[in-house]
Amino acid sequence: MFAFAAFGQRNLFAVTGSGAKGLAGRLAMEAAARRRHPGAAGGPGAQPGASFLQARHSSVKADEAAGTAPFHLDLWFYFTLQNWVLDFGRPIAMLVFPLEWFPLNKPSVGDYFHMAYNIITPFLLLQLIERCPRTLPRSLIYVSIITFIMGASIHLVGDSVNHRLIFSGYQNHLSVRENPIIKNLKPETLIDSFELLYYYDEYLGHSMWYIPFFLILFMYFSGCFTPTKAESSMPGAALLLVVPSGLYYWRILYLLSHRGSPGEDCRAEACRAWYLVTEGQIFILFIFTSFAMLALVLHQKRKRLFLDSNGLFLFYSFALTLLLVALWVAWLWNDPVLRKKYPGVIYVPEPWAFYTLHVSSQH
């Protein structure tokens, strides 16, 4: 009897222990689930703001499922406006404001425009990424924005010093060592410092500025596809913005040429605005991005996915820019001097070379 009772008690403890372990396991799993999704049950242990995060997450998923987004008229308008005013308008502002207001040992009005551009543009890029229907890799976005700011800031310093040198007789169409005001510097190691400044401005600054810029635009573009053919159209406001947007990337400005004193000629040289894409380093990045966008459109078309209004706006802006560059190259295709200066496979004459060859030499 006692043996039977002891056996039954041991079985009872075993069953009770296993049940307790199972219950403890279930409670642990539920606690882990609550930690992963705080506020899912809306209980008293829910963290503040959890419902907002959950709603935002669910809205992102809903947008991804829909695969489209309304046309961002405000952002594209702000982009176009600040590009024309702060970037394109920098040299014009330097022409309008008297030089006496901004001494050569202080930042110019164009430098302040550049500083504002370096702050506003990353902010607009982040706003654009947040509205993308597709969730993009955050780490890559953050690194791209940081690199963009570094490159634009490097260019700010190099470009500011370069404009100051022009007032002292520096000639842009000559190399650093061939410039009359630099080639006779003593000691000669100073020339190496000016070449380093030129490298930071024209190569490192441009690359760190525009590689992440075009990369962000392409990543955003990759999320601008919709399965509905009817949504693949642009509103009238978008069509109106395509022209100034495409012209900005081509960055066209009527050549500033006038007769005047040598000081005024140097000022016109410093203040003219040149085409963006026809600068050597930027054209390669632009043409690569354009072909990548075209390849992505053709690839998505096989999946019966079409560009939405924002994707069409970007695609048409780049296409217009490419057309303007092609017209520029065709116009100067048979120029013997420029052909000699640009002997490579990709023949894209830079506007400053055209200016010094065909405009400034006539005055």
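**Entry 1: salt bridges**

I take a salt bridge to be a side-chain nitrogen of Lys or Arg within 4 Å of a carboxyl oxygen of Asp or Glu. With that rule I looked up Arg177, Asp192 and Glu195, and I find them linked in a network of salt bridges. The model I am reading is predicted, and local features need pLDDT of at least 70, side-chain atom pairs count only at pLDDT 80 or more, while totals for chains, interfaces and linings use all residues. Residues are numbered from 1 along each chain as its sequence is written, and side-chain values use heavy atoms, with hydrogens and water left out.

Searching the whole structure, I get 5 salt bridges. Arg131 forms one of them with Asp74, with the closest N and O atoms 2.9 Å apart. Arg131 sits in the loop between α5 and α6 and Asp74 in helix α3, so this pair ties together parts that are 57 residues apart in sequence. For helices (H or I, at least four residues) and strands (E, at least two) I use DSSP runs, numbered from the N terminus. For accessibility I call a residue buried under 20% relative accessible area, exposed over 50% and partly exposed in between (1.4 Å probe, protein chains only). Arg131 is partly exposed at 32% relative accessibility, and Asp74 is partly exposed with a relative accessible area of 32%.

I next noted that the side chains of Arg90 and Asp159 meet in a salt bridge at 3.1 Å, N to O. Arg90 belongs to helix α4 (residues 90–96) and Asp159 to helix α6, so the pair ties together parts that are 69 residues apart in sequence. Both Arg90 and Asp159 are buried.

Arg177 lies in the loop between α6 and α7 and Asp192 in helix α8, so they tie together parts that are 15 residues apart in sequence. Arg177 is partly exposed, with a relative accessible area of 38%, and Asp192 is partly exposed at 38% relative accessibility.

Leaving aside neighbours within four places in sequence, Asp201 is in contact (heavy atoms within 4.5 Å) with His155, Gly158, Asp159, Asn162 and His206.

I then turned to Asn179, in the loop between α6 (138–166) and α7 (180–183). Asn179 counts as buried because its relative accessibility is 0%. Apart from neighbours within four places in sequence, Asn179 is in contact with Gly169, Tyr170, Gln171 and Leu174.

**Entry 2: nonpolar cores**

I define a nonpolar core as a set of buried Ala, Val, Leu, Ile, Met, Phe, Trp, Tyr and Cys residues joined through side-chain atoms within 4.5 Å. The largest has 41 residues, of which Trp76, Tyr220, Phe221, Phe313 and Leu314 touch the most other members. Several helices each supply at least two residues of this core, including α3, α5 (109–130), α9 (236–250) and α12 (309–331). The largest share of this core, 9 residues, comes from α8. Not counting residues up to four places away in sequence, Trp76 touches Phe71, Leu128, Tyr220, Leu241, Asn310, Phe313 and Leu314. I also noted a second, separate core of 10 residues, which includes Val325, Leu332, Tyr347 and Val348.

**Entry 3: backbone and chain totals**

I find a cis peptide bond joining Lys186 and Pro187, with omega about -5°, and Pro187 is placed in the loop between α7 and α8. Arg304 has a positive phi of about 60° although it is not a glycine. Arg304 is in the loop between α11 and β2 (306–307), and counts as exposed at 62% relative accessibility.

Among contacts between residues at least 6 apart in sequence, 76% join residues at least 24 apart.
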